[in-house]
Amino acid sequence: MPGQINISARQLMILTTLYTVGSAILIIPSGMALVAKQDAWIAALVGVGAGLLILYLYIKLAALYPQMTLIGMMEALLGKWLGKAVGLLFFATFFINAPVAVLFYLGNFMTTQMIPETPMPAVNILFALIILLAVRLGLEVIARSAELMFPLFILLYISLTVLVVSNVKLENVQPVLEAGVGPIWSAALSFVSTAFLPHIVLLMIFPASVNRFDQARKAIFTGSLIGGFMLVVVVALAILVLGPDLTARNIYPSYALAKKISIGHFLQRIEAIMATMWFISLFFRITVYMHSTVTAIAQIFHLKNDRQLVLPLGILLVVMSIIVYPNVPYQQAYDTKTWIPYSLSLGLFFPLLLLSIHALKRLGTKKNNRPDDKHEDRGEDGA
Amino acid sequence: MLPKIANVLGILLVAAAIIMFEVPYMRKKGLKKELWLFSILLLLGVGLSSAKALSGFIPTPLDWITAVYRPFSDFLTHIGLIK
C-alpha cells in the first residue's frame, strides 16, 4: 500500500533510467529514421530537451500534492467520483496501450528475431510470470532488483557501444539537415511520446512512495537524463552504422546493430547476450506499468490488500498481448497514428488540465478568505 | 477441435490454481471488495482467453481508441506532425 512502502532516491533514479530506456531502445530508432532520415539523432536530442520540460510539469504537479499518488491528485482536483471515474478510464485504456503493448513487442521481438519456431504465447506467458512475481512482491523488491540488474545493464550497454564503434561510417549522417528542420519536429514528437510521455505513470510511485521529496525530484531528472542520452546514443549509432535506410527498414534496429559486432572474426554472434539488455529494460518497463495499474485499482476501490489482483490481471495481460495487435503493420500504423495523440492527451494535456484546475481552485479560495493571506493550500481542502 | 478443447481446459486449470492460491486468504481475512474485483478480473481474463483459444479471432479494443482519437490524429497529420 502506498505510504507504507518507501524507496530511496537512488533506487528511484535507477528505476527511472531503466524505465526511460524501456521498450524505446528497441523500437525508437526505426520510426525516427523513417521520418527524419540521417538527422534522427538531432531529433532525439530535441526529444530529450522536450522530455525534460514535460518532467518539469509532472514534478510541479507532484510538488502540489506531495503525499498523494496520481489517483489521489485526480480525486482531490476533480472531485471524488469524477476523479475515480477518470482514473479508471485512464488506467483501463493505459493498460491495453502500455504494458500489454510492450509485452507484445517482447513476444514479437523474440519470435521474429531469436526463436522463430516458438509460438508467441509461450514467450509471453514465461515473461509475464516473472513480471507477476515482481509485482506481487511489491515496489521495494522491484526497486532492489533494479539496483541489482543495473550494473549488468550498463555493462552490456557500454560493450554494445564500444564494440560497434569500429563499424561507424561518418558519411551516413551527411548531409546534416538535408530536408530542413521540418521532419525533426515530428521525429522528436515520436521520441517523446514513447520515451517520456508515459512517465506520467511514475506519479503513482514518485511523490507518495519516496522518502525525501527534494532528492527524489533530482533523481527523476537524472534518471530520465541518463536514460534519454542512452537512447540518443543508440539512435545515433544505428544511423551511423546501418545508415538511415536500413535503420528505417528494420523493426528492431538496435538488435541489427548488435549483429554487426565482429571483432577480428572472433568475437561475433553475441547479439543473444546483448538481448539480455533489452530483457532487463523491457522487464522494468512492464513491471512499473503493472505495479502502477495494480496500485491505481487498489486506490480507486479503497482496497486494503492489492496483491490478490496481480494474478487475474496477469491473465488479462497475457491474453491481451496476443490479441491487441492483429499483425505488425497494424501495430506500426497504430503506433504512429493513434499512440502519439493518445500519449499527448494523457501525458501532456491531462496534467496541464489538472494544474489549471488547481490554479482556478486556489484563485477561488484566495477570494473567499481574503484576510489570511498566508493561506497555503497543500491539497487538504479537497473538493 | 480437440486441441482447442485442451487449450481451454488448460486455461481453466490455471484459473482453478489461481483461485486455490488466492481465495482462501481473502475469505479468511474477510476482504470482500478484493474478492469481488478478483472475481471480475479473473472472469474477464478466462472469458477472453477461452474465446481466443476457441475462435482465434477477437477484434482488438485498440480499434475503439483509434476511432475516438481519429479527429485529433487527423489534425496532427494535417499540420505535418505525424506521418
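Biologist: Is A:Ala298 buried or exposed?

Modeller: A:Ala298 is buried, its relative accessible area being 2%. Here buried stands for under 20% relative accessible area, exposed for over 50%, and partly exposed for what lies in between, with a 1.4 Å probe and protein chains only. Please note that this is a predicted model, in which local features need pLDDT of at least 70 and side-chain atom pairs count only at pLDDT 80 or more, while totals for chains, interfaces and linings use all residues. Residues are numbered from 1 along each chain as its sequence is written, chains are lettered from A and ligands numbered from 1 in the order in which they are written, and side-chain values use heavy atoms, without hydrogens and water.

Biologist: Where does A:Ala298 lie?

Modeller: A:Ala298 belongs to helix α12 of chain A. Helices (H or I, at least four residues) and strands (E, at least two) are DSSP runs, numbered from the N terminus. Between A:Ala298 and A:Leu309 there are 8.7 Å in space, C-alpha to C-alpha, and the two are 11 residues apart in sequence.

Biologist: And A:Thr287, what does it touch?

Modeller: A:Thr287 is also a residue of helix α12 of chain A, and it is buried at 0% relative accessible area. Not counting residues up to four places away in sequence, A:Thr287 touches A:Ile131, A:Ala134, A:Val135 and A:Ile142, where contact means heavy atoms within 4.5 Å.

Biologist: Which residues of the largest nonpolar core touch the most other members?

Modeller: They are A:Leu12, A:Met32, A:Phe191, A:Leu203, A:Trp278 and A:Met290, in a core of 171 residues. The element that gives the most to this core is α12(A), with 17 residues. A nonpolar core is a set of buried Ala, Val, Leu, Ile, Met, Phe, Trp, Tyr and Cys residues joined through side-chain atoms within 4.5 Å.

Biologist: What is A:Met290 in contact with?

Modeller: Leaving aside neighbours within four places in sequence, the contacts of A:Met290 include A:Phe95, A:Pro99, A:Leu313 and A:Leu317. A:Ile131 and A:Val135 are in contact with A:Met290 and are also touched by A:Thr287.

Biologist: Changing topic: how much area do chain A and chain B bury between them?

Modeller: About 3,400 Å², of which 75% is on carbon and sulfur atoms. Buried area is the accessible area (1.4 Å probe) that two parts lose on being put together, summed over both. A:Gln308, A:Ile315 and A:Ile323 supply 17% of what chain A buries against chain B, more than any other three residues. The contact takes 40 residues from chain A and 35 residues from chain B.

Biologist: What about salt bridges across the interface, how many are there?

Modeller: The rule finds one between chain A and chain B. A salt bridge is a side-chain nitrogen of Lys or Arg within 4 Å of a carboxyl oxygen of Asp or Glu. The partners are A:Arg136 and B:Glu22, at 2.5 Å from N to O.

Biologist: Why does that pair join two chains?

Modeller: B:Glu22 lies in helix α1 (residues 2-29) of chain B and A:Arg136 in helix α7 (residues 120-137) of chain A, so the pair joins two chains. B:Glu22 is buried at 1% relative accessibility, whereas A:Arg136 is partly exposed at 23%.

Biologist: How many salt bridges over all chains, then?

Modeller: The count comes to six. One of them pairs A:Asp214 with A:Arg217, the closest N and O atoms being 3.4 Å apart. Both lie in helix α10 (residues 213-249) of chain A, three residues apart, about one turn of the helix. A:Asp214 is exposed at 52% relative accessibility, and A:Arg217 is partly exposed at 33%.

Biologist: With which residue does A:Arg269 form a salt bridge?

Modeller: The partner is A:Glu271, with 3.1 Å between the closest N and O atoms. A:Arg269 is exposed at 68% relative accessible area, while A:Glu271 is buried at 5%.

Biologist: And the phi of A:Arg269?

Modeller: Phi of A:Arg269 is near 55 degrees, a positive value in a residue other than glycine. A:Arg269 sits in the loop between β2 and α12 (271-300) of chain A.

Biologist: Lastly, which peptide bond is cis?

Modeller: The bond from A:Gln174 to A:Pro175 is cis, with omega near -5 degrees. A:Pro175 is in the loop between α8 (139-164) and α9 of chain A.
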